[in-house]
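Dear colleague,

Please find the structure below, together with its sequence. My notes on what was found follow directly after it.

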Amino acid sequence: MKVTVVGTGYVGLVSGACLADLGNDVLCLDVDPAKIAGLQQGRLPIYEPGLDRIVEQNVQAGRLRFTTDVVAAVAHGTIQFIAVGTPPDEDGSADLRYVLEAARNIGRHMSDYKVVVDKSTVPVGTADQVRSVISEELARRGVEGRFAVVSNPEFLKEGAAIEDFMRPDRIVIGADDEQAILLMRALYAPFQRSHHKLIVMDIRSAELTKYAANAMLATRISFMNEMALLAERLGADIEQVRQGIGSDPRIGFSFLYAGCGYGGSCFPKDVQAVIRTASRVGQDLHVLTAVESANERQKMVLVEKIVRRFGESLDGRRFALWGLAFKPNTDDMREAPSRVIVAELLKRGATVVAYDPVAMHEAERAFGSQPGLSFADSATGALAHADALVIVTEWKEFRSPDFELICRSLRQPVVFDGRNLYEASLPEAAGIEYHAIGRLTVAAAAAREQGTIA
Ligand SMILES: NC(=O)c1ccc[n+]([C@@H]2O[C@H](COP(=O)([O-])OP(=O)(O)OC[C@H]3O[C@@H](n4cnc5c(N)ncnc54)[C@H](O)[C@@H]3O)[C@@H](O)[C@H]2O)c1
């Protein structure tokens with residue numbers, strides 16, 4: 001099938017490459033000429049495991065091409081995926097500017113039947129807006145073009161995007177046009193060889209499904225983060241509680257890890273966007289409002305622990321920081337807890353030496369040149385002369401460190417672990433003062449005894 005993908009970011013590039021890998025003829029369009037020039041020369045704009053190989057193979061096979069030429073992109077695909085960004089507007093609602101611009105371009109240039117597929121995460125009602133801007137453009141041109149608008153939200157996870165796209169749990173299609181449904185069924189047929197995964201529904205339900213899914217996952221995380229704070233006060237261990245509740249099949253183990261808050265390009269903005277959508281139609285979302293504020297607070301939990309340990313002023317203190325990306329296996333730093341933590345430490349007069357296996361170039365872009373912030377070449381390289389180590393992202397390479405080496409390298413053997421990576425007894429046996437989130441550590445017991453838990 002001929003497919004155009006508009007937007008070559010995390011979702012667009014993965015979708016385009018995977019659809020090409022299944023034999024489709026895919027043209028990816030982006031407004032960013034540097035991104036397209038890089039892709040045309042084989043340079044990927046993002047880090048996503050396995051993506052470079054799929055892109056390279058399919059480019060070589062002639063099934064995957066990249067362009068900034070809007071006219072060619074509209075002419076190419078019968079199916080036009082819109083996978084552009086929907087960042088939060090000033091009030092937190094989704095900014096639809098890029099989606100509607102992409103739709104307008106389709107209306108301006110289409111000359112045969114098109115299925116316009118919203119793959120971006122968009123608020124309920126967006127398909128109607130997409131339909132009307134395309135109709136407006138057709139009317140302006142005085143032509144009668146036939147087209148359908150479909151909602152096909154994407155559920156891939158950065159870091160496992162290829163696997164998620166190629167082996168989806170479900171494929172949600174919101175549509176009211178029979179021909180469009182047939183084409184979407186044909187496009188996704190290769191994904192359904194083992195069992196049926198396509199869930200066809202009305203467009204508004206499909207649009208809401210994506211927000212409901214992310215909101216549910218964010219809720220689980222904020223719930224566990226609050227339970228962890230409670231566990232700390234009560235002298236319980238959130239890890240044991242997690243295992244105790246996760247084994248209940250009605251609850252399950254996924255998304256039950258306590259930590260220093262969720263980030264990324266999806267949960268924060270999608271939770272905010274659904275709250276705004278709800279308030280616009282007069283519906284309060286009490287649970288999600290609490291989920292959001294609990295997460296904002298959680299991003300500060302490590303800083304609060306650091307301040308309790310070292311005092312309000314961190315002047316002259318130096319911290320090693322492991323992990324900048326919002327989660328492992330990605331270089332994405334959008335809304336990452338590391339942004340809040342680094343900014344807060346610098347504000348209090350500390351210096352930070354950060355290390356991340358892949359996100360350091362992204363961090364340099366995100367933070368700009370900040371006096372007080374520097375980057376190390378390796379995890380151990382960040383430790384020298386630091387007063388403490390702060391762990392923010394659970395990269396694999398941080399999971400089994402040499403605790404003796406950490407203890408020797410730090411000026412003071414103190415570790416603040418925002419991802420609960422270790423059994424407390426391991427760092428503690430090496431002489432490390434180990435602070436985690438809701439765990440039974442010696443440090444937590446001492447804080448409780450002294451009544452210093454804020
Ligand atoms: N990143 C994820 O893990 C993920 C997962 C599921 C859904 N989503 C949703 O998918 C959408 C895209 O997210 P992303 O992370 O891929 O975004 P991104 O910012 O990585 O990429 C968006 C791309 O669209 C391009 N673009 C903007 N306007 C354009 C236009 N008019 N024509 C052509 N290109 C244009 C930008 O230059 C950019 O390259 C968002 O709505 C997001 O919420 C993201």
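Is Phe 165 buried or exposed? Phe 165 counts as buried, because its relative accessible area is 4%, under the 20% that sets the limit for that class. Please bear in mind that this is a predicted model. Phe 165 belongs to helix α7, which covers residues 161-166. Between Phe 165 and Gly 92 there are 28 Å from C-alpha to C-alpha, and the two are 73 residues apart in sequence.

The ligand site

The ligand has 26 residues around it, and those that come nearest are Asp 30, Lys 35, Thr 86, Glu 158 and Lys 269. By class, this shell consists of 11 nonpolar, 7 polar and 8 charged residues. Two helices, α1 (10-21) and α5 (97-109), each contribute at least two residues to the shell.

An N or O atom in the side chain of Asp 30 lies 2.6 Å from an oxygen atom of the ligand. The backbone also takes part: a polar backbone atom of Thr 121 is 2.9 Å from a ligand oxygen, and a polar backbone atom of Val 31 is 3.4 Å from a ligand nitrogen. The ligand exposes 840 Å² when taken alone, and 90% of that area is buried by the protein.

The loop between β9 and α14

Thr 330 sits in the loop between β9 and α14 and counts as buried, because its relative accessibility is 0%.

Two further residues of this loop deserve a check of their backbone angles. Most residues other than glycine have a negative phi. Asn 329, however, is not a glycine and has a positive phi of about 65 degrees. Asn 329 lies in the loop that runs between β9 (318-322) and α14 (337-347). Glu 335, likewise not a glycine, has a positive phi of about 55 degrees, and Glu 335 is found in the loop between β9 and α14 as well.

Thr 330, by contrast, is buried.

The second largest pocket

Rolling a probe the size of a water molecule over the atoms shows where empty space is left. The second largest pocket holds about 370 Å³ of space. It is lined by 21 residues, of which Pro 123, Val 124, Val 274, Thr 277 and Ala 278 are the closest to its centre.

As to its composition, the lining of the second largest pocket divides into 13 nonpolar, 6 polar and 2 charged residues. The helices α6 (126-141), α9 (203-234) and α11 (267-280) each supply at least two residues of this lining. The largest share comes from α9, with 5 residues.

With kind regards

Terms used
Residues are numbered from 1 along each chain as its sequence is written. This is a predicted model: local features need pLDDT of at least 70, side-chain atom pairs count only at pLDDT 80 or more; totals for chains, interfaces and linings use all residues. Side-chain values use heavy atoms; hydrogens and water are left out. A residue is near a molecule or strand if one of its heavy atoms lies within 4 Å of it. A polar contact is a pair of N or O atoms within 3.5 Å; within protein, one must be able to donate a hydrogen and the other to accept it, and residues adjacent in sequence count only if both atoms are side-chain atoms. Accessible areas come from the Shrake-Rupley method with a 1.4 Å probe; for residues, only the protein chains shown count as cover. Helices (H or I, at least four residues) and strands (E, at least two) are DSSP runs, numbered from the N terminus. Ala, Val, Leu, Ile, Met, Phe, Trp, Tyr, Cys and Pro count as nonpolar, Asp, Glu, Lys and Arg as charged, and the others, Gly among them, as polar. On a 1 Å grid over the protein atoms alone, a cavity is a set of points where a 1.4 Å probe fits but cannot get out, and a pocket is an open set with protein on both sides within 12 Å along at least five of seven lines; lining residues have an atom within 4 Å of a point. Grid points are joined across faces, edges and corners, and a volume is the space filled by probe spheres set on the points. Buried means under 20% relative accessible area, exposed over 50%, partly exposed in between (1.4 Å probe, protein chains only).
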